[in-house]
Amino acid sequence: MIEVLDKGYIELLAYLGGDLTNVNAAKATHEKRANRLDEKGERLLGYLAENAETTPFRHTVVQLRIKAPEFVARQWYKHVVGAPYGFPDLPWSEFSQRYTEVNEEDWHVPAAWRSQSGKQTSGGPLDDEAQERCTGLYEQQRCTALSMYRTLLAHGVAREQARIVLPLAVYTTWVWTPSLQACVHFAALRDHSKAQYEIREYAKALTEMVRPIAPTSWDRLMEAHPLRRGS
């Protein structure tokens with residue numbers, strides 16, 4: 001398990017495959033099979049990645065449990081519903097606020113408040129006075145939202161409705177089962193200078209956890225990715 005942010009993490013639950021798996025998936029078209037990963041196999045992986053023949057890389061699959069704030073999860077989910085390159089179904093099973101009440105401890109508290117930079121991204125941290133003021137405002141709003149949530153539940157409101165007062169800072173957990181290629185695509189897009197800091201931290205943790213399973217495949221796919229090519 002790798003801890004991320006203040007209360008989040010990524011945990012590897014299981015995996016299937018590796019570099020040799022991907023090589024043999026490619027060789028299956030010629031009814032051939034390798035018993036070990038050698039230089040020829042590594043060259044094959046490079047050729048496949050460079051020429052966007054990516055189906056063999058989908059034969060390595062991981063299952064991850066992830067805990068992250070809602071605003072990170074909603075960005076992450078785009079990699080399921082909008083998966084490019086003809087990705088197959090990427091199973092995603094998430095904690096439901098319809099079934100279980102939200103834990104008051106599972107709220108993300110930023111380590112620092114950042115300034116706006118350009119239309120989309122953030123810049124450096126605000127000054128100390130602004131940090132203290134913004135943290136106070138945030139805690140006030142967090143307590144208000146939690147109190148409202150509990151009050152609605154106490155009045156008999158269904159959990160599926162009471163949750164609408166909760167902010168995007170609430171943590172959620174889910175199990176995700178992507179292919180190696182899907183993981184590389186996520187890391188390429190989200191560990192990027194234009195991505196939000198918080199999801200970049202998860203992308204770095206995902207790389208640290210998944211890359212060792214098939215390091216040659218990971219590196220060749222990353223090198224060939226449109227966002228990383230020539231970088």
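## Aromatic cluster

Trp 76, Tyr 77, Trp 92, Trp 174, Trp 176, Phe 186 and Tyr 202 make up one aromatic cluster. The model is a predicted one, and the structure contains eight aromatic pairs.

A pair of aromatic rings is described by how far apart the centres lie and by the angle of the planes. For Trp 76 and Trp 176 the ring centres are 5.8 Å apart and the planes stand at 85°, so this pair is edge-to-face. Trp 76 belongs to helix H3 (residues 70-76) and Trp 176 to strand E7 (residues 171-176), so the pair ties together parts that are 100 residues apart in sequence. Trp 76 has 0% relative accessibility and therefore counts as buried. Trp 176 also counts as buried, because its relative accessibility is 0%.

## Charges over rings

Lys 67 places its charged end over the ring of Tyr 171, at 5.6 Å from the ring centre. The charged end of Arg 142 sits over the ring of Trp 107, and here the distance to the centre is 5.6 Å.

## Helices H7 and H8

Two packed helices are described by the angle between their axes and by the distance between those axes. H7 and H8 pack at about 145°, and their axes are 9 Å apart. Their crossing is left-handed.

On the H7 side the contact involves Leu 180, Cys 183, Phe 186, Ala 187 and Arg 190. These meet Ile 199, Arg 200, Ala 203, Leu 206, Thr 207 and Val 210 in H8. By type, the residues of this contact are eight nonpolar, one polar and two charged. Phe 186, one of the H7 residues in the contact, is also a member of the aromatic cluster.

Helix H9 covers residues 215-224, and its buried residues are Thr 216, Ser 217, Trp 218, Leu 221, Met 222 and Ala 224.

## Ala 188

Ala 188 is located in helix H7. With a relative accessible area of 0%, Ala 188 is buried. Neighbours within four places in sequence aside, Ala 188 is in contact with Met 222, His 225, Leu 227 and Arg 228. Of these contacts, Met 222 is one of the buried residues of H9.

Glu 101 lies 87 residues from Ala 188 along the chain, and the C-alpha atoms of the two are separated by 35 Å.

Key
Residues numbered from 1 in each chain as written. Predicted model: local features only at pLDDT ≥ 70, side-chain atom pairs only at ≥ 80, totals over all residues. Heavy atoms only, no water. Buried < 20%, exposed > 50% of the residue type's maximum accessible area, 1.4 Å probe, protein only. Helix = DSSP H or I, 4+ residues; strand = E, 2+ residues; numbered from the N terminus. Phe/Tyr/Trp six-rings, centres within 6.5 Å; stacked < 30°, edge-to-face > 60°. Lys NZ or Arg CZ within 6 Å of the ring centre and 35° of its normal. Axes fitted to C-alpha atoms, helices over the stretch in contact; angles between N-to-C directions. Left-handed = near helix turned anticlockwise from the far one by under 90°. Contact = heavy atoms within 4.5 Å. Nonpolar A, V, L, I, M, F, W, Y, C, P; charged D, E, K, R; others polar.
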